[in-house]
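Dear colleague,

I am handing over the structure below, and after it you will find an account of what was computed from it. Please read the account with the structure open beside it.

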Amino acid sequence: MEELDYNEILIRPQQAKKLLLQLYGIEGEVSPLPGEYDMNFRVRVDNKDAYVLKISRPEEAYDTLEFQQELLQHLSQNRYVLAPIPVQDLSSKNISEIKDDYHRLRFVRLLTWIPGRMYHEVNPKRRNLRHSLGTSCGKLTKALEHFDHANAHRTFEWDLANSLWTCDHLALFSQEEAQVLTYFQQRFKDRQKPYEQLRKSVIHNDANDHNVIVSSDLKNPEVLAAIDYGDAIYSQSLNDLAITCAYGIMDVEDPLAASLDIIEGYHSSWPILEEELSFLYDLIAMRLIITVTKCGLNKIKEPDNVYLQISDTKAWNVLFAWEKISADFAHYSMRKACDFPAHPSESAFYSWAKKSNFELSQMFPSRNSNDCRHVDLSVSSTWLGHLEEFSDFDFFEFKINKLQQEHPDKIIAGGYLEPRLVYTTEAYMKMGNERPESRTVHLGVDFWLPAGTPVHSFLDGEVLLAVNDEGDKEYGGLIILKHKLKELTFYTLYGHLSVESALARKQGDIVKPGDYLASLGDYPENGNWPPHLHFEILLSMLDFEKDFPGVAYHSEVDVWKSLCPDPNAFFKLKALNPGLKTTNHEIAAYRKQHLGKGMSLSYEEPLQMVRGMGAYLIDQFGTSYLDTVNNVAHVGHEHLSVVKAGQEQMALLNTNTRYLHQNITKLANDLLQTFPKQLEIVHFVNSGSEANELALRMAKIVTGQKDILASEMGYHGNTNACIEISSYKFDSKGGNGCPRHTHIFPMPDSFRGKYRGPGSGKKYAAEISKLIFDLKNAGSSPAAFIIEPIISCGGQVELPDGFLPEAYKLVREAGGLCISDEVQVGCGRMGSSFWGFEQHEVTPDIVTIGKPLGNGHPVAAVVCTKAVADAFANGMEFFNTFGGNPVSCAIASEVLHTVQREKLQENALTVGEFLKENLKEISQKYPIIKDVRGQGFFLGIELTDASLKPLPAQTSYLANRMKDLGMLMSVDGPDHNVLKIKPPMVFSKTNAQQLLYGLTKILTEDYMNI
């Protein structure tokens, strides 16, 4: 056929508009749409999208278009599938004929418009959307199951059944590219006969990201329809899923995981047969190969047609990544996504093992023991203790030996499917489609025995591998045996052997039950571990030739536990079945039934946290989350020196303050070293709420008054007295309004408050003067004025310049006391000062301290002037059962020393300033962020539209999406439109950069674009 000049066959929008009126009597605005064959145009009528006008190329056959129109008519009768509907022309024809400027026959069709947006326009493309894509594709396959047409049976280059034509064009590509293509082409060629026997039907055949319509819902989008049926053909039904996957896994970090989302959705609508799944890995690759081959040819044929090149780079990226994925592992993963056992032999293995009668003493005859003592090394293990201690080889070996001494007749063992945190090198990391992932789930059982302990075979087998596993310092010597039964083949892996004994075995050696295999290795040849055997069962070696992974990603655990069955299936030891952990759902359900309904959970999908580490919280699966909001863990989650201080004192004594003990005086001295000299008396309590309760009591006793001045949206604790001065509580849902003796002034917010901009500090101070004037007229005066140096629950609001000094002056002139609530901002968090009040060059009469002082342990304090303390001591004893106990004081002193020793205040200043400046830069690019404020590690980000209308929905979305990326954030402020940042003080510049990356990524997403 003669090649046509693309510019000659092109139809201009004005021509299309004229044809629309001439053929259909419709006047509308016409604009071009991309397309490979047809000239496509969007038609808007009365400013609304209404139709798609499609004009064929000169060479296109009428019969092919007739087939498409009948297919669409068929789909229009199916209520489960949305598809364009053909519109008849003025002559009642579904297909019109015209002659173009070169007098060539062209065909014209008009289809209804499906509202929504193209799949490629959606950001982000998450798991639910991919699942929806699969579901929609499966519904379409089902809808076309019984449809047929003579013109569907054609030879077509885009038909996967015909895809081996691509073998003739390898010369278009580099050697590296050609090798990848050849690998998949040969795999597909080798299985042509069974492939030809798969189910067939008419399929859409081109669900690419420019042919899929997605709903306009920006938060929870779903796929509505596939359009453009120009490539529809009769072929293997499975091809449609492969094609959908090929395009749906572009631009993702983990293409296999992304494909599983699509496959799972497809299977829910159109069940895939077990025998079909083994072809899917290759079919996905073959669609990508057609794409890159067609792009290579089109670059020569039609260099001006940009649409024809649009998928080239993306397809190559996926092809290179796809080739690196084990074909077997992909197959097993796809089986699991369709609710089949991941490995076909899993059930057969367990059935055989159930009938077997092996004993542990057969593997370790020198121990002559058939019983175990389970040891828990999971992320939530209390036996494991602090990770820094666990990382100490000598200490860990001591604990193992001590446990063995306590159970001399048992073998210490455990580990199957345990999520562990000890695998920290890059070899155990990958970037997932949402966030970085770590291989944490242990796939075997560890038997903790002395170095040199002989290991024997308890099965007939053949040595498949006997190596020094130098590629993984966690193993040392490694032996893998192959076991072949009548209808079952599996492997057993023995790791952490001495290298010398492992290498004494040779590939192909035959071993019998009772034969000596090797001996356990010792430190350091078996890695940074005490001697033990890692024992694992494998139903497939996948593509591994020199070793096998001993740990898996939690996201893949359902596949791996099928590939690596429980080794205890051999020995049936009760001790190695410690029971299932309580699930998130079970914990949440119990909370709902038995805990107070006012106790809320964070995030739309709550998290179960089992361990803390520095700036991170870690869930039960070993997934780490960067904590940007937990100012309770002041010097870092489970800081070892703080933990030890509490442990050591708890082992000695914990009692009340009626006995002399140096810890309370030491803590008082440590604390007072950080204050101005005027603040010299300390009272210890257990929480910030108690501290503020005591401060209020002091003020009322000292002044003889009851009235308290407090800020709008202030929060000072959960006791009765604290709630009564907390506008954040009593003005919110469930509150009873302002009590009689509480007097609220407007929150001194210079950004969006009553008074704004420079000079607002004096105006807000004037509000204090008004309240004092009103009290005076009522024959009273204030007992105290209380405020946080940065108002936390109000949205991290910085007090405007000049406000606090003037407010203190007015209150003191009226006879009241000034209380600085430092429960959240104190202990160096502000960076440039140790206490928040210092930034305003004032000295309070009373300072309350809470959350930071104990790093999570309940300890708090009230620091005041001697005059206040003396007046408070009116004869009534002040006693707090637990306040100031030796354990709490030891912990608090160590927290203060850690802040100083590790220069954490300086860290809050430098990293906080870095973070704040970069957040301001981001706000210039994304104007949804209207204000960045705060000091050090106490920052707030306020989200509003252009008219300063708060955006709580977007703020909540941002916090929940940050959680998906592995970063914990929280929402605050009266309008719930402020993200707060108040991380542990060990938060590093690297952590800050991670946070900035996550925020920037999510701010580009559709739901954030207002």
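Asn368 is exposed, because its relative accessible area is 64%, where exposed means over 50%, buried under 20% and partly exposed in between, with a 1.4 Å probe and protein chains only. Its phi is near 50°, a positive value in a residue other than glycine, and Asn368 is placed in the loop between α14 (360–363) and β12; helices (H or I, at least four residues) and strands (E, at least two) are DSSP runs, numbered from the N terminus. Asp339, for which phi is near 70° and so likewise positive in a residue other than glycine, sits in the loop between α12 (327–337) and α13 (346–355), and is exposed with a relative accessible area of 67%.

Before going further, please note that this is a predicted model, in which local features need pLDDT of at least 70 and side-chain atom pairs count only at pLDDT 80 or more, while totals for chains, interfaces and linings use all residues. Residues are numbered from 1 along each chain as its sequence is written, and side-chain values use heavy atoms, with hydrogens and water left out.

**The chain as a whole**

The chain has 1010 residues, of which 56% are buried, and its secondary structure comes to 32 helices and 41 strands. Taken along the principal axes, the C-alpha atoms fill a box of roughly 105 × 85 × 50 Å. Of the contacts (heavy atoms within 4.5 Å) with a separation of 6 or more, 73% are between residues 24 or more positions apart.

**The eight-stranded sheet**

Eight strands form an open sheet with mixed pairing, in the order β12-β13-β16-β23-β20-β19-β18-β21, where two strands pair if DSSP finds at least two bridges between them. The edge strands are β12 and β21 (510–511), each of which pairs on one side only. Helix α16 (residues 393–406) packs on this sheet and touches β12, β13 and β16, its direction making about 120° with that of β13; for such angles, axes are lines fitted to C-alpha atoms, for helices over the stretch in contact, and the values run from 0 to 180 degrees between N-to-C directions.

At one end of this order, strand β12 (residues 372–374) and β13 pair in the parallel sense over three bridges, with Cys372 as the bridge partner of Ile411 in β13. On strand β13 (residues 411–414), Ile411 and Ala413 point one way and Ile412 and Gly414 the other way, and all are buried. β13 is also joined by three bridges to strand β16 (residues 445–448), and these two run antiparallel, with Asp446 in β16 as the bridge partner of Gly414.

Further along the order, strand β19 (residues 476–484) is mostly covered, in that seven of its nine residues are buried. How many bridges link β19 to each of its neighbours β18 and β20? Strand β18 (residues 461–469) pairs with β19 in the antiparallel sense over seven bridges, and Asn468 has Gly477 in β19 as its bridge partner. With strand β20 (residues 489–497), β19 pairs in the antiparallel sense over eight bridges, Ile480 being the bridge partner of Leu493 in β20, and the two strands form a hairpin with four residues between them.

**The three-stranded sheet**

A second open sheet has three strands in the order β14-β15-β24, and its pairing is antiparallel. Because β14 (429–431) and β24 (551–553) stand at the edges with a single partner strand each, one side of each is left without a neighbour in the sheet. Neighbouring strands here are turned by 40° against each other on average, direction ignored. Three bridges join β14 to the antiparallel strand β15 (residues 436–442), and Lys430 stands opposite Glu437 in β15.

Ser519 lies in strand β22 (residues 516–519) and is buried, with a relative accessible area of 13%. Leaving aside its neighbours within four places in sequence, Ser519 is in contact with Gly452, Thr453, Pro454, Leu497, Ser498 and Ser501.

One joins Tyr523 and Pro524, with omega about 5°, and Pro524 lies in the loop between β22 and β23 (533–538). Another joins Asn123 and Pro124, again with omega about 5°, and Pro124 is found in the loop between β7 (117–118) and α4 (127–143).

With kind regards
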